[in-house]
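Hello,

Here is the structure I promised to pass on to you.

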Amino acid sequence: MRTDTPQPVRLDEYRPYPFEVEETHLDFRLEPNHTRVKATLTIRRTGDAGEALVLNGERLKPVSVKIDGVDVAPEAMERTDEFLTLKGVPDSFVLETEVEIDPENNKALMGLYMSGGRFCTQCEAEGFRTITWFPDRPDVLSRYTVRVEADRAFRHLLSNGNKIEEGNAEGGRHFAVWNDPFPKPCYLFALVAGELDVLEDSFVTLSGRTVELKVFVDTGMAPRAAYALDSLKRAMKWDEEAWGREYDLDLFMIVAVRDFNFGAMENKGLNIFNSSLLLADPQTATDMDYERIESVVAHEYFHNWTGDRITCRDWFQLCVKEGLTVFRDQSFSADMRGEAVQRIKDVRALRARQFAEDAGPLAHPVRPASYLKIDNFYTATIYEKGSEVIRMLKTIVGAGDFRKGMDLYFERWDGHATTVEAFIQCFADVTKRDMTGFFAWYEQAGTPTVSITQTYDGDAKTLDLTISQLTAPTPGQPTKQPLPIPISFGLLDDDGGVMRDTELVVLEGAETTVRLEDIPTEPVLSALRGFSAPVTLEVETRARDGYILLASDPDLFNRWEAGQALARDLILRRANGQPDEVGEERFAAAMGRALDDQAADPAFKAQLLALPSEPDLSMAMSPADPAAIHEARAALRARLAVHLHDLLRRLHTGMQEAGEFSAASEAAGRRALRNAALDLLAADAHVDNVELAMGHFEAAANMTDAMGGLSALIQIGGEEAEDAIAAFHKKWRDEPLVLDKWFAAQARDPSEGALGRVLALTAHPDFEAKNPNRLRALVSTFAGFNPDRFHAPDGSGYRFLADQILATDTFNPMTAARLIEPLGNWRRYKPELGALMKAQLQRIAAQAGLSKNVYELATKALAEE
């Protein structure tokens with residue numbers, strides 16, 4: 001058990017840093033085990049006279065500390081494991097420090113570390129303090145000049161901004177000097193040094209400036225960066241056209257690294273990416289990889305304005321940059337790949353991650369009030385729900401005023417670190433609205449439930465919609481206030497014709513009634529169109545209404561949602577011991593008609609075929625019974641596979657494409673439908689379907705189809721699956737990113753031997769526990785996407801995950817903490833399962849030497865409600 005109790009950082013205790021760091025000069029002499037870092041800081045007091053200078057610093061070997069060229073006396077400074085305090089400093093001075101660090105043995109992958117024989121950095125949120133003494137907080141902005149010196153074997157020496165000097169140094173070494181003219185917080189600092197290939201291009205901005213674009217990758221991998229570079233150019237153009245934002249430096253660089261805790265990092269002018277989100281070609285990357293690359297490249301580029309030029313005052317304001325930038329990248333993806341399908345994908349992700357977060361002990365507001373480790377708040381609530389809040393803001397104020405508010409935000413706060421209040425105030429000033437009520441979306445945790453009852457008066461031809469909201473208590477917030485909730489809706493007639501086009505009502509209080517007049521017949525209500533608010537919707541409807549919406553709703557999101565709701569109801573009925581076989585046949589027939597619609601986009605049909613996930617269904621069942629849900633969902637899938645067999649095989653054949661591979665959304669949509677048809681056919685282990693899956697796998701000309709075939713065979717099981725697993729490994733064993741997919745596919749094994757397979761894979765020569773990608777591919781996939789086997793009645797799945805958390809925490813606390821989530825919602829499951837999950841959380845929390853990261857999440861998950 002920990003002998004100390006970490007103390008939280010609280011928003012209400014924020015105070016400005018009492019010094020300004022006007023200039024920061026860093027001098028790196030890179031050596032794998034003995035890197036020297038000299039920092040020269042020009043500092044000016046802005047706070048109370050006599051206040052000591054307190055700098056962050058961890059795992060630093062001090063060499064010297066000087067003020068204005070004079071060594072600081074030992075009695076004038078105090079050093080702990082986390083801070084350097086200098087007493088009696090003058091009001092203006094130059095601080096010079098020198099430290100030694102060990103990048104080679106930095107397995108936490110925060111600060112300066114080595115990956116694949118190259119130096120690289122990750123400083124967000126608090127990694128810079130492991131590089132040198134510095135006020136490591138986002139409201140301290142400084143202009144950086146950086147000199148990097150290394151052996152010539154490290155050919156490229158990169159940092160933020162523009163390169164202003166380079167040359168030879170003594171002992172077969174060389175150097176480069178970089179200057180970033182824009183003030184930034186230290187979390188945006190970046191450095192990369194190593195042997196890399198580079199793919200180059202350029203972009204001409206709206207004002208006519210030419211920007212050099214460079215993508216640095218592993219040797220021989222430059223061709224695989226072509227799609228990322230194309231995505232970057234499209235993002236730059238889109239940001240100019242949609243948001244009026246032009247890039248501000250002469251050079252934009254991206255570097256791919258294999259060992260990375262995050263997906264990517266928006267360091268000013270030098271983005272660093274997890275290689276899984278940058279490298280792609282048809283043979284090694286799936287269509288999902290291409291989509292994620294396009295989205296994440298755009299996201300990190302968009303941060304140049306929403307995150308870099310304007311940053312957050314403190315880490316409680318993280319949503320100011322992340323929620324806003326997610327909204328921007330989702331909007332970009334919608335324009336690139338189709339609004340309806342992209343919205344469906346975004347909402348799937350929101351429900352899978354954020355709704356579950358809001359429903360458990362780890363629930364927190366979009367702007368939290370306290371934390372032990374800010375690393376633990378890079379969550380779906382901050383990112384995805386934060387984006388939904390921006391989307392609602394745009395819906396409520398209107399597109400025109402939203403753009404005016406954003407323009408004012410850029411004008412008012414460029415070059416500053418700001419807050420949620422300052423962001424919202426821009427829209428209040430533009431619209432002359434009182435935005436106080438809207439601000440509650442940032443301060444209140446939980447997912448509201450919106451209920452709609454309908455009263456139709458055939459004589460008066462009126463429809464009354466009574467709309468109410470309720471948010472359940474969450475940890476630390478037992479009482480909830482009403483939120484402003486925008487609800488888009490339309491009306492259809494019984495034949496699916498449009499009776500009323502989309503309208504908007506904003507629910508401001510706990511309940512309101514809206515009267516609609518001139519309604520000739522009792523209508524079919526299509527509510528929450530486009531998922532206009534991140535809420536759970538309950539609507540009183542007739543049994544047939546869902547089928548009318550599935551067949552005819554002009555809002556494609558709600559057409560898909562109708563199918564999901566029908567399937568969810570049927571699965572939960574069966575899981576609760578009340579199967580509706582007539583309803584299942586009716587649903588299968590309706591799905592057949594929807595799939596046979598020649599006007600429908602293949603990508604949309606692929607989304608229709610994907611039933612609600614088992615974790616999603618668990619959210620709708622109390623207490624959740626994973627085994628019953630798995631069995632019920634499998635039964636509906638099997639019924640669909642048999643009922644739609646001929647149609648699914650026609651789709652599988654008809655969607656096959658010959659000729660050159662295209663990553664465009666149209667071609668990707670056809671592949672998605674083809675593989676979705678195969679996936680559903682695999683629910684019926686008929687010999688014909690086994691042969692089809694094996695033929696699909698063996699004939700695959702791209703990774704999307706190869707993974708589709710492999711996944712279908714693993715779902716079916718048997719000798720053919722084992723042969724495919726072996727063949728895949730033999731072909732791709734030298735491709736790390738592809739091997740991640742191989743591990744992940746096996747982690748989804750639905751058979752009784754799944755955990756045994758996963759345990760064996762942890763001992764496989766290709767399993768690298770210290771590589772976050774590989775660890776997540778196996779462990780996170782098993783715990784998060786194989787619920788039937790993870791929730792084994794004997795608790796073996798929980799013990800396995802706890803073992804992995806404790807082992808990982810010894811070298812990478814951030815990654816370890818992110819593995820806690822599958823255990824965190826133990827209260828939602830059957831008592832016998834919940835008790836076993838709780839026991840493993842207690843075991844984790846009692847571990848000696850536990851990191852703050854894991855301690856915070858484990859103890860929160862165990863806290864009394």
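Leu109 has a phi near 60°, a positive value in a residue other than glycine. You will find Leu109 in the loop between strand S9 (92-101) and strand S10 (111-115). Please keep in mind throughout that this is a predicted model.

Lys461 also deserves a look, with a phi near 60°, again positive in a residue other than glycine. Lys461 sits in the loop between strand S25 (449-457) and strand S26 (462-470). Are these two residues buried or exposed? Leu109 has a relative accessible area of 4%, so it is buried, the cut-off being under 20%. Lys461 has a relative accessible area of 35%, so it counts as partly exposed, which covers the range between that cut-off and 50%. As background, most residues other than glycine have a negative phi, and most peptide bonds are trans.

The peptide bond from Glu124 to Ala125 is cis, with omega near 5°. Ala125 belongs to the loop between strand S11 (118-122) and strand S12 (142-151). Another cis peptide bond runs from Ser622 to Pro623, where omega is near -5°. Pro623 lies in the loop between helix H13 (614-619) and helix H14 (626-643).

Now to the sheet. Four strands form an open sheet in the order S29-S26-S25-S31, and their pairing is mixed. Its edges are strand S29 (511-517) and strand S31 (536-539), each of which pairs on one side only. On average, neighbouring strands of this sheet are turned by 20° against each other, direction ignored. Within the sheet, S25 and S26 pair in the antiparallel sense over 9 bridges.

Finally, the arginine. Arg529 is in the loop between strand S30 (524-527) and S31. What is its relative accessibility? The value is 6%, so Arg529 counts as buried, being under 20%. The side chains of Arg529 and Thr502 are joined by a polar contact of 2.9 Å. Leaving aside residues up to four places away in sequence, the residues that Arg529 touches include Ser488, Phe489, Gly490, Leu492 and Asp501. Also among them are Asp553, Pro554, Asp555 and Asn558.

Happy browsing, and do write back with any questions.

Best wishes

Definitions and conventions
Residues are numbered from 1 along each chain as its sequence is written. This is a predicted model: local features need pLDDT of at least 70, side-chain atom pairs count only at pLDDT 80 or more; totals for chains, interfaces and linings use all residues. Side-chain values use heavy atoms; hydrogens and water are left out. Helices (H or I, at least four residues) and strands (E, at least two) are DSSP runs, numbered from the N terminus. Buried means under 20% relative accessible area, exposed over 50%, partly exposed in between (1.4 Å probe, protein chains only). Two strands pair if DSSP finds at least two bridges between them. Axes are lines fitted to C-alpha atoms, for helices over the stretch in contact, and angles run from 0 to 180 degrees between N-to-C directions. A polar contact is a pair of N or O atoms within 3.5 Å; within protein, one must be able to donate a hydrogen and the other to accept it, and residues adjacent in sequence count only if both atoms are side-chain atoms. Contact means heavy atoms within 4.5 Å.
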